[in-house]
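Subject: Structure handover

Hello,

Here is the structure you are taking over. Please look through it first, then read the notes below it.

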Amino acid sequence: MPTPGPGTAPAPGPGAATPGSSLLRFATIGSVDDGKSTLIGRLLHDTKQLFDDQLEALSTASKRRGIEGMDLSFVTDGLRAEREQGITIDVAYRYAATPRRKFVIADCPGHVQYTRNMATGASTADLAVVVVDATTGLREQTRRHCCIAALLGVRHLLVAANKMDLTGWDPAAYQAVAAEMRSLARRLGVETVVTVPVSALHGDNVVEASDRSPWYDGPTVLAALEDAPAGAWAAEGSDGARLPVQWVVRHPGGGRSYAGMVSGGSLRAGDDVVVLPGGGRSRIESVGTFDGALDEAASSMSVTVALADDLDVARGDLIAPVVGAPDVVREFEATVCWFGERPAQVGQRFRLKHTTRITAAQLVSLQGRLDVDSLSLVAADSLGANDIGVGRIAVATPIAADLYHVNRVTGSFVVIDESTNATVAAGMVGAPVVIGAGPPAGS
Ligand SMILES: Nc1nc2c(ncn2[C@@H]2O[C@H](COP(=O)(O)OP(=O)(O)OP(=O)(O)O)[C@@H](O)[C@H]2O)c(=O)[nH]1
Ligand SMILES: [Mg+2]
């Protein structure tokens, strides 16, 4: 996987769409049972993305569960265990297309136990669809998900105030969700937030505008998705190109080139580059793909690069332009979303995967834990499951890292438990962007 996404599920490619592309990657987030899977099922159903055999399987499965009609949450809850429990466990990726736009959808689980999977889904998203049960309003888990999405760089939220049918289409219920989300989004530094009153179950304001909400004149969920900004990742298109070396290609007649995925900017033949962490300098001789030479390798492209000099370059190294190259660090400040069942303690050792490099690492200090209600740091000496913390991490082999808000690839890492090999945390280099971003809720 080119991006060190914070989980194990396969994510379809890196986050940012290229400018001008009509592709939108979005993830559903929010508390368990608020209706995320039903909303996606409804969206796919009403835009006619489902085949006859899928529709048939849906109604058979629904009947077996004693549900009249179709339970649309089954569209993404494909795993039998999920259907039987009625909750989403894994992230389900779906592809959809309307005449106006293409979508890659990550339907994430809401259950606290599967927050890690939610983070995986959100790590590649341009936008998050926050589903909130309008009868209850925002729950702690909704706030936590929004917080993680914002930390992962999601800058646009589309809020579905769902189950409006159960409120009797009370505009006050919708307004309460919209106001709370506006306040939260502002404090998280999110750029846009649009709230739509919906009933995912009955299909109101999902694809078709509903006549049950005459007091609402905004877009449907689909219209808002079609108009949402994409590829909003800050550093895309800038000159801070990075090429983590995935593997070294040895050519039969001698010579080598280095394969990997470019992020953060473009690489061109003739660019003066440095190979990190070693620091050897050279010039790019050629850039290519398996199909032939290129003038320029843009962000998100998988390429091979040949250098003018015979440097010792290995998997895990990073090639970057000399000007504006990332810092090589042995210790750095980081924000981590801890998913391990055993708490993280100061002094704890683990393995850290940063781009294509894995190194031994240690949590050297913990500044605190993020309180998801107040968005402030509270003193802590350990992090429990699903806690978000800020601390310092030391690595045995130096890494060439950017701040996460500068580059989503070279600014992120995952933490792997030494004994179980499980991914126990997703990390972002630097202090969290969300702390102190604005006044507390309700003000
Ligand atoms: N009345 C009503 N019920 C709904 C609506 N949307 C979803 N539900 C019901 O809420 C329950 C949970 O729906 P899901 O779509 O599975 O919820 P989820 O958010 O995907 O849950 P997890 O993935 O487990 O976090 C199901 O019984 C749905 O039928 C709605 O608009 N109105
Ligand atoms: Mg679900």
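Strand 2 and strand 3 (residues 102–107) run antiparallel and are joined by six bridges; two strands count as paired if DSSP finds at least two bridges between them. Helices (H or I, at least four residues) and strands (E, at least two) are DSSP runs, numbered from the N terminus. Within this pair, Tyr93 is opposite Ala106 of strand 3.

This is a predicted model, in which local features need pLDDT of at least 70 and side-chain atom pairs pLDDT 80 or more, while totals for chains, interfaces and linings use all residues. Residues are numbered from 1 along each chain as its sequence is written, chains are lettered from A and ligands numbered from 1 in the order in which they are written, and side-chain values use heavy atoms, leaving out hydrogens and water.

The two strands belong to an open sheet of six strands with mixed pairing, in the order 2-3-1-4-5-6. Strand 2 (92–97) and strand 6 (192–197) are at the edges with a single partner strand each, so one side of each has no neighbour in the sheet. From one strand to the next, the twist averages 20°. Helix 4 (residues 115–122) packs on the sheet and touches strand 1 (23–29), strand 2 and strand 3, where contact means heavy atoms within 4.5 Å. The direction of helix 4 makes about 165° with that of strand 1; axes are lines fitted to C-alpha atoms, for helices over the stretch in contact, and angles run from 0 to 180 degrees between N-to-C directions.

Next, the ligand. Around ligand 1 there are 21 residues, of which Lys36, Thr38, Thr88, Gly110 and Asp165 come nearest (a residue is near if one of its heavy atoms lies within 4 Å). An oxygen atom of ligand 1 lies 3.2 Å from an N or O atom in the side chain of Ser199, and one is 3.0 Å from a polar backbone atom of Ala200; a polar contact here is a pair of N or O atoms within 3.5 Å. Ligand 1 exposes 650 Å² when taken alone, and the protein buries 87% of that (Shrake-Rupley method, 1.4 Å probe).

Last, two backbone details. The peptide bond from Leu276 to Pro277 is cis, with omega near 10°, and Pro277 lies in the loop between strand 11 (272–276) and strand 12 (280–289). Asn205, in the loop between strand 6 and helix 7, has a positive phi of about 60° although it is not a glycine.

Regards

Methods. A polar contact is a pair of N or O atoms within 3.5 Å; within protein, one must be able to donate a hydrogen and the other to accept it, and residues adjacent in sequence count only if both atoms are side-chain atoms.
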